[in-house]
Structures are given as C-alpha cells and as structure tokens.
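Please study the structure before reading each solution.

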Amino acid sequence: MIKLNTIKCYYKGAIIYMNFYYAPMEGLTGYIYRNAHNTFFNNIDKYFSPFIVANQSDRFTTRELNDILPENNQGLLLIPQLLTNNAKDFIHTSRKIKIMGYNEVNLNLGCPSKTVVSKNKGAGFLSKPEELDVFLDEIFTESITKISLKIRIGKDKPEEFYDLIKIFNKYPIEELIIHPRIQKDFYKNQPNLKIFKDALILSKNPVCYNGDIFTIKDYEKFSADFPSVDTLMIGRGLLANPAMASDITNNIILEKKLLKDFHDRIYEDYKKILYGDKNVLFKMKELWFYMIRTFSNNEKYAKRIKKSQRLYDYDEAVSSLFKEQDILS
C-alpha cells in the first residue's frame with residue numbers, strides 16, 4: 001500500500017517528504033493493534049513487529065507466528081524485528097522470514113531491558129564492538145534480506161557512538177534507526193541531539209530518528225532543528241495519540257468518536273482471541289496507560305480502568321470517560 005504523506009518542507013532547494021514508522025513495543029503493538037491502527041488512521045509507512053528472539057528452531061512460537069503471518073498484516077508494510085547476538089541464529093531466522101514473503105528484517109540493538117542486556121543482546125551488544133563487527137560481517141555476507149538496525153548510541157557513554165558508527169559504515173544498512181540515548185538512560189534524561197546531529201554527518205547509511213516525539217509541538221521543534229531528516233519512528237506518542245501522524249501531515253485532529261471506534265475494534269478483537277476477562281483487561285489496561293493522557297481530567301477514570309476486574313466494570317469506566325471528558329488539543 002502506498003502512503004501519500006504531504007510535503008514537509010523545502011531543504012536546500014529539495015522537497016522533503018516525511019515518512020512515519022511505528023516503533024515496536026512489546027505487548028502493545030502486535031497485529032491486533034496494528035490492524036486497527038492501519039484501518040482507522042492509515043498514515044504509517046512502516047510498522048515494526050515487537051522483537052522475535054532468533055534461534056535455530058524450524059518453527060516460530062504460536063505468538064510469534066500469529067504476529068507476523070502475512071494474512072494477519074494485510075494492507076500494511078510490516079518489518080519483522082529480530083533480537084540476537086548470534087549470526088547463525090539471525091541468518092536461520094531470516095530465511096524463515098524471507099520464505100513468508102518479507103524482504104527486510106530489523107536488528108534490535110536498542111532494547112535497554114536488564115534481562116536482555118545481561119545476555120549482551122539489544123543495547124547490550126553495543127558494548128561488544130569487536131563481536132558486533134564480526135556478527136554484522138556474517139549477516140551482511142549472507143544477505144538473506146535487506147537489514148536495518150534500530151540502535152541506541154551506546155551502553156554506558158554517549159561517546160561510544162563514534163566507534164560504533166565506524167563499524168556500521170562498513171555495511172550496506174537499509175536504515176540506521178537511532179534512539180539517541182544510552183542503555184543506562186532507559187527512557188529517562190533527554191535524547192542526545194548533539195550525537196544525533198553528528199550521526200547525520202558521519203553515517204554513510206540512511207538515518208531515521210526515534211525518541212520523545214510525544215506531541216505536535218515536539219515534532220515541530222525537531223523538524224525545525226533537523227530539517228533534512230525525512231524519517232521518524234514514533235512509539236509512545238502514537239500510543240497516546242494514534243492520529244498524530246495524520247495531524248502532522250494533513251492537519252487532521254483526533255476526534256473522540258474516531259478514538260472510540262478505534263478502541264472498540266481493538267477491544268472486540270482481543271475478546272475474540274483471548275480467554276477470560278483477566279487476559280483481555282490486561283491488554284486494554286496496557287494501552288490505556290498511554291491513551292488516557294489524551295483526555296482532560298483523566299485521573300479518576302484512569303484509576304477506575306486500572307481497578308476494573310470484570311469487563312462489565314471496564315465497559316462502564318470507559319463509557320463514562322468518553323461521555324464526560326474531551327480530547328485534549
């Protein structure tokens with residue numbers, strides 16, 4: 001499906017078009033959510049799957065398979081993401097993904113989770129530059145699919161990036177998606193825009209920015225500071241306001257009815273595949289942790305949703321929220 005995003009700006013005489021990617025978020029942006037989002041908003045150029053742990057198995061887990069099955073992702077462009085520090089596992093899993101019809105795989109070098117980092121995976125792999133170089137050489141030599149990387153700028157210090165970019169520049173990376181924090185930041189502190197600015201100069205591969213675009217004002221400030229950047233990956237901001245990309249490109253403001261219809265689609269689809277109130281509520285409460293911020297005077301409603309133990313209680317809480325509060329502009 002071709003997305004026709006509007007013109008962003010002119011930069012040095014060239015027309016710049018903005019591409020929007022939806023960041024992978026474990027437990028939140030699976031195929032149920034992606035399909036609903038694409039149906040109601042249809043403004044994302046690429047969705048990225050929550051990471052699959054690459055291994056030598058000939059089969060995906062049921063959860064992994066359902067999430068990336070082409071029939072569960074029709075009408076949208078999905079890039080499966082892999083988590084590993086083992087080249088053979090990456091290559092083997094890439095072959096399975098290629099057979100399913102995918103032409104690009106994304107390598108996760110950004111996950112800051114301690115359980116992931118302790119195994120030298122995700123952002124933890126960045127602390128092993130020699131091993132990372134060997135790994136990249138192996139996977140790019142095989143070249144099963146196009147390969148993009150989602151990275152942080154280092155594990156312990158921002159300055160680690162300057163050695164890492166020398167490694168990345170050796171390889172034909174489809175895109176270098178940079179979240180300019182170190183692993184130890186998790187999601188605290190401010191993104192290091194000085195390092196990102198240097199990355200735009202130093203990288204021989206296309207660069208995408210990821211990090212702390214929560215509002216239209218955040219986008220406008222970033223765009224003013226980095227007018228040459230034509231690709232943004234957004235995660236938490238889109239979870240709070242799923243219409244953000246439409247607002248940016250076409251000045252389409254999120255309306256309450258549209259958000260309610262979007263919510264109801266996700267809710268009904270989860271009820272079809274999950275057993276019991278508890279499992280459905282767990283999924284919906286995860287989403288409301290972000291979406292609730294879109295509403296005025298949301299504190300008491302957030303508590304009611306969080307405390308809901310039955311679908312009946314949840315339905316009442318959500319219905320009251322939509323009836324009694326407004327979408328924040």
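Two terms are needed at the outset: an axis is a line fitted to C-alpha atoms, for helices over the stretch in contact, and an angle runs from 0 to 180 degrees between N-to-C directions. The model examined here is predicted.

**Exercise 1.** Determine how α5 and helix α6 pack, and which residues make the contact.

*Solution.* 
Step 1. Helix α6 comprises residues 161–168; the axes of α5 and α6 lie 10 Å apart, at an angle of about 20°.
Step 2. Angles under 35 degrees count as roughly parallel. Therefore α5 is roughly parallel to α6.
Step 3. The crossing of α5 past α6 is right-handed.
Step 4. On α5, the contact involves P129, L132, D133 and L136; on α6, it involves L164, I167 and F168.
Step 5. Sorted by class, the residues of this contact of α5 with α6 are six nonpolar, no polar and one charged.

**Exercise 2.** Determine how helix α3 and helix α5 cross, and which residue classes form their contact.

*Solution.* 
Step 1. Helix α3 spans residues 87–99 and helix α5 spans residues 129–142; their axes come within 9 Å and cross at roughly 30°.
Step 2. The cut-off of 35 degrees applies again, and α3 and α5 are therefore roughly parallel to each other.
Step 3. The crossing of α3 and α5 is right-handed.

How values were computed
Residues numbered from 1 in each chain as written. Predicted model: local features only at pLDDT ≥ 70, side-chain atom pairs only at ≥ 80, totals over all residues. Heavy atoms only, no water. Helix = DSSP H or I, 4+ residues; strand = E, 2+ residues; numbered from the N terminus. Parallel < 35°, antiparallel > 145°, perpendicular 65-115°, else oblique. Left-handed = near helix turned anticlockwise from the far one by under 90°. Nonpolar A, V, L, I, M, F, W, Y, C, P; charged D, E, K, R; others polar. Contact = heavy atoms within 4.5 Å.
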